[in-house]
Amino acid sequence: MGGSGSGRGAVKGTAGMAIGIGIGRSVGNRTVLITGVSKGLGRALAIELANRGHTIIGCSRAQEKLDSLQSLLTSNNNHHLFLNADVSCNNSVAEMARIVMEKNGGPPDIIVNGAGTINKNNKMWEVPAEEFDLVMDTNLKGSANVLRHFIPVMLKKNEGEGIIVNMSSGWGRSGAALVAPYCASKWAIEGLTKSVAKELPQGMAVVALNPGVINTDMLASCFGASASMYQSPELWALKAATMILNLTPADNGASLSV
């Protein structure tokens, strides 16, 4: 999800990331890093938070969609930062963290690990190995890579400060036929979250958040046309933004639902 425009005075990082120039903070706003920001829930959440006056740092592999989001948010008073990065690649996330610290002057206040994908409906033994790996690399390893490179810089802020939201799923707390790889990845997110929560200092929190059933491309890949019966990402973002902004260290380790 998400990104910056290469035609807007962007420069390239050493890992091929497009950098939006001039990120800054306004008094009282929160800086929110959202992975998978170019579409679906990530895009809707970024727009909603930006409209509330918060600063967005977003990443995605889809440069054109990043450019579109950059253009959409230019009327906002805050200066947002959008990076072309692949969360499944540890080196790419390491470079993203370096750039964020350089351009933002510090770690984000909130991180939303929203990048995700799902396998095509298929019985487990009929899912190609490459497709299974893609789901795990994006959903699980992508979140782990972000934790690996951003928690250390968050720990340096007031001896540990910040909120991390790992996007889970109802299928991370139950099972479903034909989407076993996706279910496995989200069950893993739940376990990862609860374990990392025990490693954080009192001023930080990591939670697993089940967004509910939303009309996204991923849902359509499972439900087909009936996906349109469910709420839109934009309506979801109204509730999700408020919930995420109100999270505190007391929520550490929780499995929550929007």
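In this presentation, contact means heavy atoms within 4.5 Å of each other. A helix is a DSSP run of H or I with at least four residues, a strand is a DSSP run of E with at least two, and both are numbered from the N terminus.

Good morning, colleagues. The structure before you is a predicted model, in which local features need pLDDT of at least 70 and side-chain atom pairs count only at pLDDT 80 or more, while totals for chains, interfaces and linings use all residues. Residues are numbered from 1 along each chain as its sequence is written, and side-chain values use heavy atoms, with hydrogens and water left out.

I begin with the overall content. The protein chain holds 7 helices and 9 strands. Of its 258 residues, 51% are buried, where buried means under 20% relative accessible area, exposed means over 50%, and partly exposed lies in between, using a 1.4 Å probe and protein chains only. Among contacts with a separation of 6 or more, 72% are between residues 24 or more positions apart.

I turn to the sheet. It is open and parallel, with 7 strands in the order E5-E4-E3-E6-E7-E8-E9; two strands pair if DSSP finds at least two bridges between them. At the edges, strand E5 (81-84) and strand E9 (255-257) each pair on one side only. Neighbouring strands are turned by 20° against each other on average, direction ignored; axes here are lines fitted to C-alpha atoms, for helices over the stretch in contact, and angles run from 0 to 180 degrees between N-to-C directions.

Within this sheet, strand E6 (residues 110-113) is joined to strand E3 (residues 31-35) by 3 bridges. Leu-33 has Ile-111 of E6 as its bridge partner, and Val-32 stands opposite Ile-110. Towards E7, E6 has 4 bridges, again in parallel, and there Ile-111 is partnered by Ile-164. In a regular strand, side chains alternate between the two faces of the sheet. Which residues cover the two faces of E6? Ile-110 and Val-112 lie on one side, Ile-111 and Asn-113 on the other, and all are buried.

Helix H2 (residues 63-72) touches strand E4 (55-60) and E5, and its direction makes about 175° with that of E5. Helix H5 (residues 180-197) touches strand E7 (162-167), strand E8 (204-210) and E9, at about 160° to the direction of E8.

The buried residues of H7 include Pro-233, Trp-236 and Ile-244, and its buried residues pack against helix H1 (40-51), E6, E7 and E8.

Is Met-229 buried or exposed? Met-229 counts as exposed because its relative accessibility is 68%.

Finally, the cysteines. The whole structure has 0 disulfides, a disulfide being a pair of cysteine sulfur atoms within 2.5 Å. For Cys-222, the nearest cysteine sulfur, that of Cys-183, is 8.9 Å away. Cys-222 counts as buried because its relative accessible area is 16%; Cys-59 is also buried, at 1%.
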